[in-house]
Amino acid sequence: MAPELQSSQPWVEKYRPKQVKDVAHQDEVVRVLTNTLETSNCPHMLFYGPPGTGKTTTALAIAHQLFGPELYKSRVLELNASDDRGINVVRTKIKDFAAVAVRSGQHGGAYPCPPYKIIILDEADSMTEDAQNALRRTMESYSKITRFFFLCNYISRIIEPLASRCAKFRFKPLSGEIVSNRILHICNEEGLSLDAEALSTLSSISQGDLRRAITYLQGAARLFGSTILSKDLLSVSGVIPQEFVDALYAACKSGDFDLANKEVNNVIAEGYPVSQMLVQLFDVVVEADDVSDEQKARICKSLAAADKCLVDGADEYLQLLDVASNTMQALCNMPQEFSYES
């Protein structure tokens, strides 16, 4: 690869594991899939779990290890959520690809090259139910010559007839230690300096999503150079500084509505996303030792209602003010005057 292309390559792709055994932390998955590669006996597979935990990486690694770079393009069809994957695509593009038989051992022995093709459906939980139903017959009809890999965040959104036809693999959120080790490896490769506080911050704000952690690291490196501090990572991540969250919580705890309104205005004036404020306020409430379980439940209920309203396009200021008001009522044991029950 040319130096200028190498320098502009996203680190997420540059440091993506090329083999199944290099996938971090998913030990049970790696162990089973390594055996699958040795025997070339590959069932339909369903990978599910949070974003950035290695689902796509694992699927691509299996395909590359089975077929090698030369046969990969002809043997593997990869469709992402950005592609049209409605019922018509299932009936035409996917079915046509699945129906063509292939021979084994076309690569001279360097790769297993089993006599089947692979269709990778990334973000499969975004497919419509009709499209998923249309896949059932295709999977059955061409199971000898085509294998399906379904990748999703929420297994509950995959219809049961599809899920029952697949070997299921759960990808766990990555621990802070695993994320830190991978980040330190990238820092060594890229010549970056990251102190212990910055490493801890990056592990915390990425929440087990290694892809997000690597993206934040690259963004901070581009903006601030080779020495990266904790505050640099916070500024590129969009996380709201903790003092704003603590100030809003303290204002709610004081019982002074005017003070709470002032803090809400401060958050809005700074341009911070209210959805992010709700996430961080939730953490503060749950970890508070001087708040009863009943109070926490009332506050979390209002956070959930506000989050739903924000998704539906509601005004950010009004939703944050509503959360502040409900939090104040709960913390100060005020009676609830309004009910949001339908």
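User: How many Å separate the centres of domain 1 and domain 2?

Analyst: In this predicted model, the centres of domain 1 and domain 2, taken over C-alpha atoms, lie 31 Å apart. The domain assignment places domain 1 at residues 11-170 and domain 2 at 176-237, and it also gives a domain 3 at 242-332.

User: How is the size of an interface expressed, and what area is buried between domain 1 and domain 2?

Analyst: The size of an interface is often stated as the accessible area that is lost when the parts come together. Between domain 1 and domain 2, about 1100 Å² is buried, and carbon and sulfur atoms give 62% of that area. On the level of residues, 9 from domain 1 are in contact with 16 from domain 2.

User: Which residues form a salt bridge, and how far apart are the closest N and O atoms?

Analyst: Glu-190 and Lys-14 form a salt bridge, with 2.8 Å between their closest N and O atoms. The rule finds 1 salt bridge across the interface of domain 1 and domain 2, together with 5 residue pairs in polar contact. On the side of domain 1 that touches domain 2, the residues comprise 5 nonpolar, 3 polar and 1 charged.

User: How many disulfides does the rule count?

Analyst: A disulfide is a covalent bond joining the sulfur atoms of two cysteines. Here the count is 0.

User: Are Cys-166 and Cys-187 buried or exposed?

Analyst: Cys-166 counts as buried because its relative accessibility is 9%. Cys-187 is likewise buried, with a relative accessible area of 2%.

Terms used: Residues numbered from 1 in each chain as written. Predicted model: local features only at pLDDT ≥ 70, side-chain atom pairs only at ≥ 80, totals over all residues. Heavy atoms only, no water. Domains from an automatic or database assignment. Contact = heavy atoms within 4.5 Å. Buried area = accessible area lost by both parts, 1.4 Å probe. Salt bridge = Lys/Arg side-chain N within 4 Å of Asp/Glu carboxyl O. Polar contact = N/O pair within 3.5 Å; in protein donor to acceptor, adjacent residues only side chain to side chain. Nonpolar A, V, L, I, M, F, W, Y, C, P; charged D, E, K, R; others polar. Disulfide = S-S within 2.5 Å. Buried < 20%, exposed > 50% of the residue type's maximum accessible area, 1.4 Å probe, protein only.
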